[in-house]
Amino acid sequence: MFDFHAWTHYISLYGYLAIFLLSVIEGPLVTVFAALLAARGYFNVYAVFATVVAGDMAGDVLTYCMGRW
């Protein structure tokens with residue numbers, strides 16, 4: 001079902017692009033997961049922060065635009 005090592009492998013394979021796309025869909029959960037991976041040394045903390053903020057903003061803008069138009 002939920003295999004931490006499999007998710008870690010996919011996130012490590014696709015990198016910040018996967019973090020961005022997943023944060024567009026579900027921001028807070030991905031933020032915690034990416035921070036855990038950054039704490040373990042897989043990613044740079046500042047790059048994770050910038051990527052997650054950009055993904056959250058993109059998701060919010062898409063949701064706003066769907067409601068607006």
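Tutor: Let's start with a cut-off: a residue counts as buried under 20% relative accessible area, exposed over 50%, and partly exposed in between. Keep in mind that this is a predicted model.

Student: Got it. So why is Thr51 called buried?

Tutor: Set its value against the cut-off. Thr51 has a relative accessible area of 14%, and buried means under 20%, so Thr51 is buried. You'll find Thr51 in helix α4.

Student: Which residues does Thr51 touch, leaving aside its neighbours within four places in sequence?

Tutor: Tyr16, Ile19, Phe20 and Ser23. Contact here means heavy atoms within 4.5 Å.

Student: How far apart are Ala58 and Ser23, in sequence and in space?

Tutor: They are 35 residues apart in sequence, with their C-alpha atoms 8.8 Å apart in space.

Student: Which residues of α2 meet α4?

Tutor: On the α2 side there are Tyr16, Ile19, Phe20, Ser23 and Val24. Their partners in α4 include Ala47, Val48, Thr51, Gly55, Ala58 and Leu62. Sorted by class, the contact of α2 with α4 has ten nonpolar, four polar and one charged residues.

Student: How do α2 and α4 pack?

Tutor: Helix α2 (residues 16-25) and helix α4 (residues 45-68) make an angle of about 35 degrees, and their axes are 7 Å apart. Their crossing is right-handed.

Student: What puts the buried residues of α2 on the same side?

Tutor: The buried ones are Ala18, Ile19 and Ser23. They take up an arc of only 125 degrees around the axis, which is why they end up on the same side of α2. Over on the other side, Leu17 and Ile25 are exposed.

Student: Now α3. How do you know that its span agrees with what a helix should have?

Tutor: Compare two values. The expected span is 1.5 Å times one less than the number of residues. For the 13 residues of α3 (residues 27-39) that gives 18 Å, and the end C-alpha atoms are 18 Å apart, so the two agree.

Student: What makes us say that the buried residues of α3 line one face?

Tutor: First, the buried residues are Gly27, Val30, Phe33, Ala34, Leu37 and Ala38. Looking down the axis, they fall within an arc of 140 degrees, so they line one face of α3. Pro28, Leu29, Val32 and Ala39 are exposed on the other side.

Student: How much of the protein counts as buried?

Tutor: Of its 69 residues, 26% do. Also, among contacts between residues at least 6 apart in sequence, 71% join residues at least 24 apart.

Conventions
Residues are numbered from 1 along each chain as its sequence is written. This is a predicted model: local features need pLDDT of at least 70, side-chain atom pairs count only at pLDDT 80 or more; totals for chains, interfaces and linings use all residues. Side-chain values use heavy atoms; hydrogens and water are left out. Axes are lines fitted to C-alpha atoms, for helices over the stretch in contact, and angles run from 0 to 180 degrees between N-to-C directions. Helices (H or I, at least four residues) and strands (E, at least two) are DSSP runs, numbered from the N terminus. A crossing is left-handed if the near helix is turned anticlockwise from the far one by less than a right angle, and right-handed if clockwise. Ala, Val, Leu, Ile, Met, Phe, Trp, Tyr, Cys and Pro count as nonpolar, Asp, Glu, Lys and Arg as charged, and the others, Gly among them, as polar. Buried means under 20% relative accessible area, exposed over 50%, partly exposed in between (1.4 Å probe, protein chains only). The arc is that of the directions from the helix axis to the C-beta atoms.
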